[in-house]
Amino acid sequence: MEQLLHYVWIFKLYQPHLTTTTGEQVTVIDAGIRNSNAGPDFFNAKIRIGATLWAGSIEIHTRSSDWKTHKHHTDKAYDSVILHVVTDADTEVYRTNGVVIPQLEITYPDNIEARLEYLLRRDIAIPCLARLPEIEPLHITSWMEALLSERLERKMQDILKLLEFYKQDWNEVFYILLSRNFGFGVNSDAFERLARSLPFRIIRKQRISITQVESLLFGQAGMLEETDIDCYHYKLLRREYQFLRHKYQLTPLDESLFKNLRIRPNYFPHLKLAQLAAIWMQHDTLFSVMLEAGTPRELKNCFRVLPSDYWETHYHFRHVSPKQEKPLGENALNIVLINTVVPLFFAYGVVNNRPEYNERALRLLESIPAERNHIVSAFATAGIRVNNACDSQALIQLKRCYCEAKKCMYCRIGFRLLKQL
């Protein structure tokens, strides 16, 4: 119910003539900015109560008594509240110093709640999917542009946290981000844990041979612990890792973290680690190389590598395959650019005040075909035009952060449908 009241407050769907519980006229000049953290629900609001102009925070509850239930009367963070908005003013409310806070009891059309229930209670992944054709394409386009910005901002914040943790070392952050994205979804968390447990400086020191780089990655992933695999390459990697493990005081992960079930052989974690090893053998400071790359093709060429000869006939240490070179496929290359290179360029541009890298990030997304997954397919079937990776990234943001979270009230599509239902 409070979420519904937030929606009513933001979009001014309440009755037009507002008065406080004491009879003073209320004019809402600015509803404020929604606060997603601790504290009042909206800040930087501006309202006029009687002849006095107020600027501050707004708190919204179903009943006035919730103010005391939530202990706001003892929390100084709520002393900035200039108006308490409720549907049932069952008591007065006070700041910590005992001053009474003005209250507004709002009403709204009965059908708004029913409209919201239609969207929130439907047991399907995208509740409004069948009604998307009713929305003007211009509204959808503008919303997708905002969604793309949200997604890039969210990814940038993750990168900024990594930069802070690794003392602004872009190469280390790139190493961790690339490793994570080589997990291609199901193994992403495991690949990130692997990278965090194996500092990039160690990889760089052992670039004298592909065997040593592979042994570090496979050994640290816990994939060299078995003693019954009768294979020269495996035994060689195991022997190398035992030496390097003691040299660098490493503790391997548990191999069970890495999943093979229901994964196509081309995405087996063993093959992905072999491809990662080949990338680090080819490039010492790959991030610097990418910054200088001029075209999407040049960027992709940074990752067009062949793993060692052993992997021409294997996807896994225990399984032989027909002989075939196994570079990253075109779809995998696109995913690496979307999830690794684009966010890094965007963050690099912001951190270093280099807007040309923000532009490069967007142009790169525009040059990449839209991702092929169930989220994008569902929206495309409903008539949403998906031209490139900008569009597919926007739709992924929409599905994960609005549809799955049931935030229809904060979605521009949901808002327009609620007005029409």
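This is a predicted model: local features need pLDDT of at least 70, side-chain atom pairs count only at pLDDT 80 or more; totals for chains, interfaces and linings use all residues.
Residues are numbered from 1 along each chain as its sequence is written, and side-chain values use heavy atoms, with hydrogens and water left out.

Back to the cysteines, then. The two sulfurs, of Cys408 and Cys128, sit 6.7 Å apart, which is too far for a bond; a disulfide here is a pair of cysteine sulfur atoms within 2.5 Å. Cys411 is in no disulfide, with the nearest cysteine sulfur, that of Cys128, 6.3 Å away. Searching the whole structure gives zero disulfides. Cys408 is buried at a relative accessible area of 10%, and Cys411 is buried at 8%. For those terms, buried means under 20% relative accessible area, exposed means over 50%, and partly exposed is in between, using a 1.4 Å probe and protein chains only.

Helices are DSSP runs of H or I with at least four residues, strands are runs of E with at least two, and both are numbered from the N terminus. Helix α8 covers residues 210–220, helix α10 covers 269–282, and their axes come within 9 Å and cross at roughly 135°. That angle makes α8 oblique to α10. The axes are lines fitted to C-alpha atoms, for helices over the stretch in contact, with angles from 0 to 180 degrees between N-to-C directions. On that scale, under 35 degrees is roughly parallel, over 145 roughly antiparallel, 65 to 115 roughly perpendicular, and the rest oblique. The crossing is right-handed, that is, the near helix is turned clockwise from the far one by less than a right angle.

Which residues of α8 meet α10? They are Ile210, Val213, Glu214, Leu217 and Phe218, and their partners in α10 include His270, Leu273 and Met281. Contact, by the way, means heavy atoms within 4.5 Å.

As for α8 itself, ten of its eleven residues are buried, and the buried ones pack against α6 (188–197), α7 (200–205), α9 and α10. After α8 comes Gly222, with a positive phi near 75°.

On the α10 side, let me pick out His270. Beyond neighbours within four places in sequence, His270 is in contact with several residues, among them Phe218, Glu255, Trp311 and His316.

Most residues other than glycine have a negative phi. Lys12, in the loop between α1 (2–10) and β1 (18–19), has a positive phi near 55°, and Lys12 is partly exposed at 43% relative accessibility. Gln249, in the loop between α9 (232–248) and α10, also has a positive phi, about 55°, and Gln249 is exposed at 66%. Thanks, everyone!
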